[in-house]
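Visitor: Hi, could you walk me through this one? I'd like to ask things as they come up.
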Amino acid sequence: MQLIGILVIVVGFIMKLDTIAVVLSAGVITGLLGGMSIVEILNTLGSTFTTQRSMALFLLILPIIGICERYGLKERATHLIQKIKGMSAGRLATLYMFIREIAIAAGVKLGHAEFVRPLIEPMAQGAAASKYGKLDEKTEDDIKAMAAAADNFGNFFAQNIFIANSGVLLVVGTLEELGYTVDALSVANAAIPVAVIALIFAFIQNTLMDKKIAKRYEALQKEGAK
Amino acid sequence: MSNELLLEIFYVVVGLLMYLVAFNVFRCKENQARIGTTLFWAILGTIFVFGSYLPGTIVGILLLVIGVLTATKQVKHGKVNAPTAEFSAEKAKALGNKVFIPSVLIAGLVICIAKFTNFSGTVAIGIAAAITIVITLFLTKADAKTVASDSDRMFQAVGVTAILPQLLASLGTLFTAAGVGDVIANNISNFIPEGNILIGVSAYCIGMALFTMIMGNAFAAFSVITVGIGVPFVFMQGGNVIVCATLALTAGYCGTLLTPMAANFNMLPVALLNIKNKNAVIKYQAYVAIPLLLVHIALMYFLGF
């Protein structure tokens, strides 16, 4: 019965209903069907929301990025990237993913708010704009999605190489509770193949995206020539 | 200063910035959803500033009010003071590469503070932001009014998505409290045949991915699915516990890439980068996530046994 809440989420997301309202309704329905009182439900929602405020601290970075953008961050990024020969949006995304993997494997966290929005995405847009001139909205969106994905790929698939990562600790903790003896270093070693394969997959996808954008603008130029 | 005290200070600052947005929206008479949007930001500001003193139930009620506001389309992007392309181009020439100093500084400071001090990663973000804003103002000679209007502009651009990760974390807690995890694990283990390694391995990987998609969090899925599927159908058949469990966790991450429930990874960038299509990041990631999930099954089958 409690699974109806999940159904609400799935249907709500697919139908693109208001996300906040969908999440709250799913929560209330699940709680009620799971035998919780309305006060318990409100209390669980409210106290978790309050203790998780740290998730919103990235907001403190936004004013700074806003000012930098006003003072020419994107223009300058475009200018710089134009000087590097052969740098495309896709190659930049792959390069960033590689850096992201190396950093997280050493326990250093980068991220969407600190890295992708102020640096990587404007540089990737700049790389494409230097080849094709002003970009259309679809291409801009493609590049944005590629930059965001590069961060997630690098973060997810290389983090368990760092032995003090919370994921590694979770694996060790869970297995020990189940009665197995494990050490963190073997977990970290077991995480390496996936990190390499994920990088190869992302490289292929980003290269294909570069080709797709190039084709799109070739077609546009031909149309213009007629 | 302790982590807790600094965190509390940063929450108050975020809350005050939200009040500022509420004030700006309230003054903007053209906004069709003026009252609703003002209320939205004011309520959020209140939760951030006074959250530690408000009972959970009250915050819960406030969240429901926010839900009603967003459901009835009463929260809208107001008029903001956006920079002109000419101004930015001119400043880019004048400042040169110095315009990168704040971006590089934030990233560098967050890393250094988190690594070399006892402050946590989240506190490090706050400290880095505090130091960098001073440097930024010094570099750009921007005045306090610019800080206020750019804060307003950026907050409104991120909009309601800003609180989605927090809200989904609350939902996850509620799911756990209501016993959703146990129900799913029982259901899955009921219809997997025993004694076939490939089926067991596939069920472990796909189960991790699916359950992560539902919960939006691979960590929550890991213990449930490992107990429900991993132990009886993979470990008991002789699988290498460490290799299989580690692969199961990243199989779960393939699910994270595919779900809007993982808002801080998939929805937040959409808002941060101002992407038109809400599902663009998930769509792009699907081309890597799905093949990679199949690779997980193969790796677990060949490396784990």
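Guide: Happy to. First, a term: buried means under 20% relative accessible area, exposed over 50%, and partly exposed in between, with a 1.4 Å probe and protein chains only. By that rule, A:Asn160 counts as buried because its relative accessible area is 2%.

Visitor: Where does A:Asn160 lie?
Guide: A:Asn160 is in the chain A loop between H8 and helix H9 (166–177). Helices here are DSSP runs of H or I with at least four residues, strands are E runs of at least two, and both are numbered from the N terminus.

Visitor: And what is A:Asn160 in contact with?
Guide: Setting aside neighbours within four places in sequence, its contacts include A:Asn165, A:Val187 and A:Ala191, and also B:Leu249, B:Thr250 and B:Tyr253. Contact means heavy atoms within 4.5 Å.

Visitor: Before I go on, what should I know about the model and numbering?
Guide: The model is predicted: local features need pLDDT of at least 70 and side-chain atom pairs count only at pLDDT 80 or more, while totals for chains, interfaces and linings use all residues. Residues are numbered from 1 along each chain as its sequence is written, chains are lettered from A and ligands numbered from 1 in the order written, and side-chain values use heavy atoms, with hydrogens and water left out.

Visitor: Okay, A:Asp136 next. Which loop is it in?
Guide: A:Asp136 sits between helix H7 (112–132) and helix H8 (137–158) of chain A. With a relative accessible area of 28%, A:Asp136 is partly exposed.

Visitor: Which residues does A:Asp136 touch?
Guide: Not counting residues up to four places away in sequence, A:Asp136 touches A:Arg216 and A:Tyr217. A:Tyr217 is 81 residues from A:Asp136 in sequence, yet their C-alpha atoms are 9.7 Å apart.

Visitor: Switching to chain B: how many helices and strands?
Guide: Chain B has 15 helices and zero strands. Its C-alpha atoms fill a box of roughly 70 × 45 × 40 Å along the principal axes.

Visitor: What share of chain B is buried?
Guide: Of its 305 residues, 56% count as buried. As for chain B contacts between residues at least 6 apart in sequence, 72% join residues at least 24 apart.

Visitor: Last one: is A:Leu17 buried or partly exposed?
Guide: A:Leu17 is partly exposed, because its relative accessibility is 43%. In chain A, A:Leu17 belongs to the loop between helix H1 (4–14) and helix H2 (19–33).
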